[in-house]
Amino acid sequence: MNQATDEYDVIVLGAGPVGENLADRTRAAGLSTVIVERELVGGECSYWACVPSKSLLRPVLARAEARQVPGLREAVGGSLAAADVLAHRDKQVGNWKDDGALTWLDSAGIDLVRGQGRLVGPRRVSVTPPDGSGGEERTLTARHAVAICTGSGAALPDMPGIAEARPWTSREATSSGTVPDRLIIVGGGVVAAEMATAWCGLGSRVTVLVRGSGLLNRIEPFAGELVAETLREAGAEIRTGTSVKGLARPGGAEGPVTVTLESGEQLEADEVLFATGRAPHTADVGLDTVGLEPGGWLTVDETCRVTDVPDGWLYAAGDVNHRALLTHQGKYQARVAGAAIGARARGVERLDTSRWGAYATTADEAAVPQVVFTDPEVAAVGLTAEQAESEGRSIRVVDYDMGQVEGAVLYADGYRGRARMVVDLDRGHLIGVTFVGPGVSELLHSATVAVAGEVPLDRLWHAVPSFPTISEIWLRLLEAYRG
């Protein structure tokens, strides 16, 4: 096979939001950059995760909120037009075509090579073209850095019958063209909670099987409790302390799925979604050629440089480094890593990697924000009370019923929600904030600024929220803290 050899300053494996952001930063630093992508430019978030899932959830949540507004609830009493929701979802993902993303790459001056990229030694990447493309294998060489931004995929458990049953993963759950009549969801995390909300709202009879004691166990306990309460009211069944030991789909692709529980009980559904974790896309990127174990998470320093590779040329940003498996955190890492690559290429010897330094991904451990788009919404940043206590911090926890805030009363009749702030008593600032309730996602950035900025509570007292908005929850929390 003929080979073409190309040299760039930076090679990026993966054209999702993380790879795009890193490439944008290295191009802004004046470095020639190429992205290698085996699927669609735009990545998992754009086509099978964030964008399609929120497209499915938006009408479900809008209807739920409308039903809490006097004078409006009577107008939204019917079912959602599922076909229209799915068509809108398809439009938002560009019908799974990446033409728009290609236009952006061209405008940014970033080259694209399609195919499977694999390391073949220090600073060298071999690209195998897609099947049927007729393209030639190419070897790319990087003068300064290679960045692995290949993300993660759904991890399916090893259990009897799972291959033949072909269960849904998050990809099928966000791209299905039909609404299953009966859907079983295995898992209790964000994907499970959001997809239960979406498909229940679109008309599926949903059963959620949770191994643990409840939903969303990495967030404050009341978050999962309130989400579970609303899901049950919507008709979903949620079983906790329940494990699956086998699957079967004897009738083939069109037949129902039988789920066997550890107790021996069997449940039947049209589809079953496994939302039980993620695994890094590092099994087929040539890690063994540079002394690393294929298929594992990559350990990085504060600049996202892989620590176990000599000479500091290999970087890993986004899910593959397992610091914070969220699109916005991966993009944050990409901005820091791209800037660090640019600085090192200019010959800067010592970068500011101190806490909150220009080249440090400090927010990954101190101020990670996340929204769960369920009914009610969940928005959280920083540490939970349990996490803070496990770190040995001296804290005070302040809770408040969000339904007692005038803005919430006006927002929805019978508003249900709760807020919590976790205060570091030794340092006098917030280290964690959680909001649960309709419309709270837009409150989260104010909390993120307070946590990341380590704003003293005495100064935060002077940040006056507007009346009558839900943001007055800040005033109520601070009043409760001050006594």
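Which order do the strands of the open sheet of four strands have? I read the order as β10-β9-β8-β14, with parallel pairing; strands are DSSP runs (E, at least two residues) and helices are DSSP runs (H or I, at least four), numbered from the N terminus.

I noted that this is a predicted model, in which local features need pLDDT of at least 70, side-chain atom pairs count only at pLDDT 80 or more, and totals for chains, interfaces and linings use all residues. Residues are numbered from 1 along each chain as its sequence is written, and side-chain values use heavy atoms, with hydrogens and water left out.

I found β10 (237-239) and β14 (271-274) at the edges, each pairing on one side only; two strands pair if DSSP finds at least two bridges between them. Five bridges join β8 to β9, and Val186 has Leu209 in β9 as its bridge partner.

**Helix α8.** I looked up residues 190-201 and found a span of 16 Å from the first C-alpha to the last, close to the 16 Å expected at 1.5 Å a residue (1.5 Å times one less than the number of residues). Ten of the twelve residues in α8 are buried (under 20% relative accessible area, 1.4 Å probe, protein chains only). Gly203, with a positive phi near 115°, follows α8.

**Core.** I recorded 37 residues in the largest nonpolar core, with Ile185, Trp199, Val206 and Leu215 having the most contacts inside it; such a core is a set of buried Ala, Val, Leu, Ile, Met, Phe, Trp, Tyr and Cys residues joined through side-chain atoms within 4.5 Å. Its largest share, seven residues, comes from α8.

Notes. Buried < 20%, exposed > 50% of the residue type's maximum accessible area, 1.4 Å probe, protein only.
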